[in-house]
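Work through the exercises below with the sequence and the model open. Each task is followed by its solution in steps.

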Amino acid sequence: MSGIRTFTMLKPDAVEKGHVGAILEQIASAGFRIVAMKLTQMTQTDAETFYAVHKERPFFGELVEYMTRGPIVAAILEKENAVEDFRTLIGATNPEDAAEGTIRKLYAASIGENAVHGSDSDENAQIEGAFHFAGREMF
Ligand code: DAT
Ligand code: MG
């Protein structure tokens, strides 16, 4: 059975360009409830740890630089079938491949700067949410 929570980050490019309000509106309209949310900035160590699965990839250095260059909005979201439905809402990793109307199609500049993160499994949603939030910050 699929879980009811996922984790997201509105990435530095989305915050820089002033897209936070519009993206949160789209997330709320899709039926997600906010369980936890904050504006924060990842340190180098945070980004290297969060994206450790990609550390051998050629884009890892750029990814860490991008994710640490300014504030992000981190959030835990709740809805039935949360992980899969949120991945559908954000669209493909590369905005060129993302479906019309998805958050990445609307707001992402490139595969490297793609506006938003969504967990890829229930297990990672739990790990990633706990990486950013203490229990008392979840409602
Ligand atoms: P997703 O964020 O859709 O889960 P991923 O987990 O494969 O995608 O990669 C994590 C992030 O790394 C992605 O959002 C942007 C960056 N990235 C992935 N593939 C890339 C590539 N080929 N070139 C540059 N950045 C890339
Ligand atoms: Mg991923």
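## Annotated positions

In an unreviewed entry, UniProt lists Lys-11, Phe-59, Arg-87, Thr-93, Arg-104 and Asn-114 under "binding site".

The model is predicted: local features need pLDDT of at least 70, side-chain atom pairs count only at pLDDT 80 or more, and totals for chains, interfaces and linings use all residues. Residues are numbered from 1 along each chain as its sequence is written, while chains are lettered from A and ligands numbered from 1 in the order in which they are written.

## Exercise 1: confidence and overall fold

Task: state the confidence of the model, then describe the order of its elements and its dimensions.

Solution. 

Step 1. The average pLDDT of the protein is 98, and 100% of the residues score at least 70; pLDDT is the predictor's confidence in each residue, from 0 to 100. The ipTM is 0.98 and the pTM is 0.98.

Step 2. The protein has seven helices and four strands. Helices (H or I, at least four residues) and strands (E, at least two) are DSSP runs, numbered from the N terminus. Read from the N terminus, the order is β-α-α-β-α-α-β-α-α-β-α.

Step 3. The C-alpha trace spans about 35 × 35 × 30 Å along its principal axes. A compact globule of 139 residues would have a radius of gyration near 14 Å, and the protein agrees because its own value is 14 Å. The radius is taken over C-alpha atoms, and the globule rule is 2.2 Å times the number of residues to the power 0.38.

Step 4. Of the 139 residues, 34% count as buried. A residue is buried if 20 or more other C-beta atoms lie within 10 Å of its own, exposed if 12 or fewer, and partly exposed in between, with C-beta atoms placed from the backbone.

## Exercise 2: the shell of ligand 1

Task: which residues surround ligand 1, and is Thr-93 buried or partly exposed?

Solution. 

Step 1. The residues around ligand 1 are His-54, Phe-59, Leu-63, Thr-93, Ile-111, Gly-112, Asn-114, His-117 and Asp-120. A residue is near a molecule if its C-beta atom, placed from the backbone, lies within 6 Å of it.

Step 2. Sorted by class, this shell holds three nonpolar, five polar and one charged residues. Ala, Val, Leu, Ile, Met, Phe, Trp, Tyr, Cys and Pro count as nonpolar, Asp, Glu, Lys and Arg as charged, and the others, Gly among them, as polar.

Step 3. Thr-93 sits in the loop between H5 and H6. Thr-93 is partly exposed because it has 14 C-beta neighbours inside 10 Å. Beyond four places in sequence, Thr-93 is in contact with Ile-111 and Asn-114; two residues are in contact if their C-beta atoms, placed from the backbone, lie within 7 Å.

Step 4. Leu-63 belongs to helix H4 (residues 60-68). Its 18 C-beta neighbours inside 10 Å are why Leu-63 counts as partly exposed. Outside four places in sequence, Leu-63 contacts Tyr-51 and His-54.

## Exercise 3: His-117 and Lys-11

Task: which residues does His-117 touch beyond four places in sequence?

Solution. 

Step 1. His-117 lies in strand E4 and is buried, because 21 C-beta neighbours fall inside 10 Å.

Step 2. Not counting residues up to four places away, His-117 touches Thr-8, Met-9 and Lys-11.

Step 3. Lys-11 is placed in the loop between strand E1 (5-10) and helix H1 (12-16). With 24 other C-beta atoms within 10 Å, Lys-11 is buried. Apart from neighbours within four places in sequence, Lys-11 is in contact with Met-67, Ile-72, Ala-115, Val-116 and His-117.

## Exercise 4: positive phi

Task: what is the phi of Ala-115, and what is the phi of Asn-81?

Solution. 

Step 1. Most residues other than glycine have a negative phi.

Step 2. Ala-115 has a positive phi near 75°. Ala-115 lies in the loop between helix H6 (103-107) and strand E4 (116-118) and counts as buried, with 26 C-beta neighbours inside 10 Å.

Step 3. Asn-81 has a positive phi of about 55°. Asn-81 lies in the loop between strand E3 (72-78) and helix H5 (82-90) and counts as partly exposed, with 13 C-beta neighbours inside 10 Å.

Terms used. UniProt positions are given in the numbering used here, feature names are shortened, and annotations may be inferred rather than shown by experiment.
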